[in-house]
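Let's take a walk through a protein model, one piece at a time. Keep the 3D view open and turn it as you read.

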Amino acid sequence: MNLDLLWIVSAAPLAGSLALLVTEGRLPKAWVAAIGAGSIGLSAGVALLVGIAFYDAGQVAYAQTLWTWIDVDGFTPRITLQLDGLSLVMMGVVTGVGFLIHVYATGYMAREDGYSRFFAYMNLFVFAMLMLVLGDNLLLLYLGWEGVGLCSYLLIGFYHLDPANGYAARKAFVVTRVGDVAMALGLFLLYREFGTLEISAILDNARTVWSNGSPICTLAAMLLLGGAVGKSAQIPLQTWLPDAMAGPTPVSALIHAATMVTAGVYLIARMHTLYVLAPMAQLAVAVVGAATLFIAAVSALAQRDIKRIPAYSTMSQIGYMFMALGVGAWSAAIFHLVTHAFFKALLFLAAGSVIVALHHEQNIYRMGGLWRRLPIPFACMLIGSAALSALPLTSGFYSKDEILLTSFAFGASGPWFWAIGSAAALLTALYTMRMIVVVFFGEQRTQTHGHDGLNMTVPQLVLAVLAIGGGWFGLAPVGAVLPDGGLGSHHGGVLAGITMSVPVVGVVVGWLVFTHRDRWAGLRETRVGERVRYFLASGCGFDAVYDVLIVRPFVALARANRNDVVDAVFAAIAALSRALYRALAATQTGHLRWYAVNMALGLALMLLLAIGA
């Protein structure tokens, strides 16, 4: 039975990573590429077979227990892989898109040092992500959660000789740890309430243990939201993601567009019953998503790095998913997660091809006129941008419109969520047109060299097809898992027409504005214009605020406590021990008469004590 092969899906990437780590870079690059990409290809192939078997078995949830992890005082979490509609979709995205990105990376990284180390980290990441989405208990999910955080740190700082890259890696690690601590506290609370961390047991018993609006349920849901906010780069823990572009482009495509940053979306969708029972927490999810999607879209308008534009776009699109979860469009959120993986991975890979062709130039204002020189990256970026902008008949159109139309019906606040999402959709079309126009049209400013090989071109073409047609068939498997029962059926109407036309208007306006951007140069060069651009380029000043409120006070405290008060206590104990040693050592003179006198005095003291008693 093919369902029994489920363990291979996660075991193959782990085996590939271990093989590359133990060989310590001694293998030829061809072997490294075969192991690195081949292990993910094997995982994707087995995932396909398992998916077919899952459908043949009637889409009944399947669990495969490999072994007992811990057995202490009745606490017996197991290494159990669970397959249902939601985990099937996530497994397909991680292995399918991951395989295409790995193939692309075999060409992109071919001239880089640390080739074997790179694929070892990438394989380990895929393993950790699969543990996250396939684990049937929250402890195993948390193992994968921390695993992807570790791999993210390693891959963001892959070019470790540049101190700035090390700083970006540490920033990502520290900021996401804030959310991870909140999530860990949430797991402790859930275990206290239920006596288990098995997801199915918690969801099945939640309505029995808690009433609707229970404060404990709300607290647990908010703590899990804290973890999701950190991992998915949502306000207020979003500042790490733009700096994470310091890593190689395939890392940006895999970890910071298609997989890891969607972990928070998956967590909330998986624990949906808690949020249904805690309306305040669910509303908080929607508010966080709406705020992030708008602020990130505004910030993307001012970016000049070809990778930071899709990075801010990722934050914005994840915001759409959070807003969808918060307004009850559970299936639409996962639907957008899938389509976003297609077109955002495509945008990053196309951007990588441009970067390589321009001698690793990333400033879009040093590009221009590339559509004839780089026709395939141009076509792929055009398709990816169309899907990102949610132009009709692209994959992004179906999923984003589903979110916006559902959000409108979310009670009294629904029209506000729709308006914010629609405004961000307009901004999305504007910044994508800015990127396309500046990079591919106008005067060429940097000479290109070389051409992509098939290992870089074919993945882009496959993702281009998925970016166009990946949303045509909906997302049926999640309907049996999520509380909304599947995607809604929104028919045409004035609201649907307005929602559909917003990105079209944005594309037209973007073309008119940015093809004649010289007319606006005077406005941009004013003091006010420059300050606004700097504010937006900095991500609306969040880093500056955190620097003032957290970083500087912490650094000042560290300097004031340079000698460490706690260490001073232990230093005093050591000094006292040394003083006692010297005092006792002074009594050891080596003279017999001294020892005889001491013995006599000691005996006399003992007699006096005996007589006194």
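This is a predicted model: local features need pLDDT of at least 70, side-chain atom pairs count only at pLDDT 80 or more; totals for chains, interfaces and linings use all residues.

Now look at strands S1 (residues 62-68) and S2, which pair in the antiparallel sense over six bridges. To find your place, spot Ala63, which sits opposite Gln82 in S2. Strand S2 covers residues 78-83, and five of its six residues are buried.

Next, jump to helix H19, residues 454-469. Its 16 residues reach 22 Å from the first C-alpha to the last, close to the 22 Å expected at 1.5 Å a residue. Which helices do its buried residues pack against? They pack against H3 (85-108), H15 (330-357), H16 (375-388) and H17 (395-408). Among those buried residues of H19 are Met456, Leu463 and Ala467.

Now for the charged side chains. The structure holds 11 salt bridges. One of them joins Arg177 and Glu146 at 3.3 Å, N to O. That pair links distant parts of the chain, with Arg177 in helix H6 (residues 163-194) and Glu146 in helix H5 (residues 138-156), 31 residues apart. Is Glu146 buried, partly exposed or exposed? Glu146 is partly exposed, because its relative accessible area is 25%, whereas Arg177 counts as buried at 17%.

Arg177 also meets Asp180 in a salt bridge, at 2.3 Å, N to O. These two are three residues apart in helix H6, so about one helical turn separates them. Both Arg177 and Asp180 are buried. Through shared partners, salt bridges join Glu146, Arg177, Asp180 and Lys231 into one network.

Conventions
Residues are numbered from 1 along each chain as its sequence is written. Side-chain values use heavy atoms; hydrogens and water are left out. Helices (H or I, at least four residues) and strands (E, at least two) are DSSP runs, numbered from the N terminus. The expected span of a helix is 1.5 Å times one less than its number of residues. Buried means under 20% relative accessible area, exposed over 50%, partly exposed in between (1.4 Å probe, protein chains only). Contact means heavy atoms within 4.5 Å. Two strands pair if DSSP finds at least two bridges between them. A salt bridge is a side-chain nitrogen of Lys or Arg within 4 Å of a carboxyl oxygen of Asp or Glu.
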